Amino acid sequence: MLNTVFHDGPDAVPLLIAHGLFGSARNWGVIAKRLSETRPVIAVDMRNHGASPWFETHSYGDLATDLAQVMDRPMDVLGHSMGGKAAMMLALTWPDLVNRLLVADIAPVAYTHTQMGPITAMRGVDLATVQTRADAKAQLGDLEPGVADFLLQSLDMKDKRWRLNLDVLDAQMDQIVGFPDASGPYEGATLFLSGANSDYVQPAHRPAIKALFPQAKFAKIPGAGHWLHAEKPREFEAAVSAFLH
């Protein structure tokens, strides 16, 4: 069973949040707390991340099953990037569990990029010599702006370990950047919310999206990239709230 962080809220359809690759439920703490002003919010650590169990597989079928197991009733589901693909797979596999679906900056397609850079950087940190997060950050090397600080949120300083199953994430990277053959459609209300500066959701992806999610609507947050919830949190919260209401 996945580790969950529960934010109590008024009696309404709960919102389940699934984070992206290398993330955790704690990354969503502030946003989840604000969204819980109108509903209960449950943020999860995905498998091989955070405080959730480690497994030898990391397919989207697995991730969707994990999400289904923490749901005791239909919920609204929000997923970002890897979590967005897991949320889509959940909706396609167990449509009765998903009341409304919000997918943040990802499409149900295979991507050609890889996320091996951060894995290589984390493996390169000599944790035995690390005394502070600043020490670890210096050893992470040259990453894109903000990525080092993001990765360091998954560093357990007390036990000198990453809260990420780097070996499995490495071995399963083709599945993570891909998307399985899936049957549909999911007929529920669906919003694909993207960063206007991101290229993850392109016009060319719309036929694939509409084939699986015929009720899909599309929106963009100006000035935001792939990490739209971190770059523009207030605008992101407003868009989520508007869709859920």
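Me: Which helices each supply at least two residues of the lining of the second largest pocket?
Reply: Helix H1 (29–35), H6 and helix H10 (228–231) do. Helices here are DSSP runs of H or I with at least four residues, strands are runs of E with at least two, and both are numbered from the N terminus. This is a predicted model, where local features need pLDDT of at least 70 and side-chain atom pairs count only at pLDDT 80 or more, while totals for chains, interfaces and linings use all residues. Residues are numbered from 1 along each chain as its sequence is written, and side-chain values use heavy atoms, with hydrogens and water left out.

Me: Which helix gives the most to that second largest pocket's lining?
Reply: H1, with three residues.

Me: And what volume does the second largest pocket have?
Reply: About 330 Å³. Of its 19 lining residues, Phe 150, Gln 153, Trp 227, His 229 and Ala 230 are the closest to its centre. For the terms: on a 1 Å grid over the protein atoms alone, a pocket is an open set of points where a 1.4 Å probe fits, with protein on both sides within 12 Å along at least five of seven lines, whereas a cavity is a set the probe cannot get out of; lining residues have an atom within 4 Å of a point. Points are joined across faces, edges and corners, and the volume is the space filled by probe spheres set on them.

Me: Is H3 mostly covered or uncovered?
Reply: Mostly covered: eleven of its twelve residues are buried, including Lys 85 and Met 88. Buried means under 20% relative accessible area, exposed over 50%, and partly exposed in between (1.4 Å probe, protein chains only). H3 reaches 17 Å from its first C-alpha to its last, close to the expected 16 Å; the expected span is 1.5 Å times one less than the number of residues.

Me: Switching topic: which residues touch the most other members in the largest nonpolar core?
Reply: Leu 16, Phe 22, Leu 67, Leu 101, Trp 162 and Phe 213, out of 63 residues. H3 has the largest share of this core, eight residues. A nonpolar core is a set of buried Ala, Val, Leu, Ile, Met, Phe, Trp, Tyr and Cys residues joined through side-chain atoms within 4.5 Å.

Me: What is Trp 162 in contact with?
Reply: Leaving aside neighbours within four places in sequence, its contacts (heavy atoms within 4.5 Å) include Trp 54, Met 122 and Leu 140. There's also a second, separate core of 21 residues, with Ala 32, Val 41, Ala 43 and Leu 78 among them.

Me: Is Glu 237 buried or exposed?
Reply: Buried, at 7% relative accessible area. Glu 237 is in helix H11 (residues 233–244) and touches Ile 31, Arg 34 and Leu 35, not counting residues up to four places away in sequence.

Me: And Lys 217, buried or exposed?
Reply: Lys 217 counts as exposed because its relative accessibility is 56%. Lys 217 is found in strand S9 (residues 216–221).

Me: Which peptide bond is cis?
Reply: The one from Gly 184 to Pro 185, with omega near 0 degrees. Most peptide bonds are trans, and most residues other than glycine have a negative phi.

Me: What phi does Asn 48 have, then?
Reply: A positive one of about 65 degrees, although Asn 48 is not a glycine. Asn 48 is in the loop between strand S3 (41–44) and helix H2 (60–69), and counts as buried at 0% relative accessibility. Ser 81 has a positive phi too, about 55 degrees.
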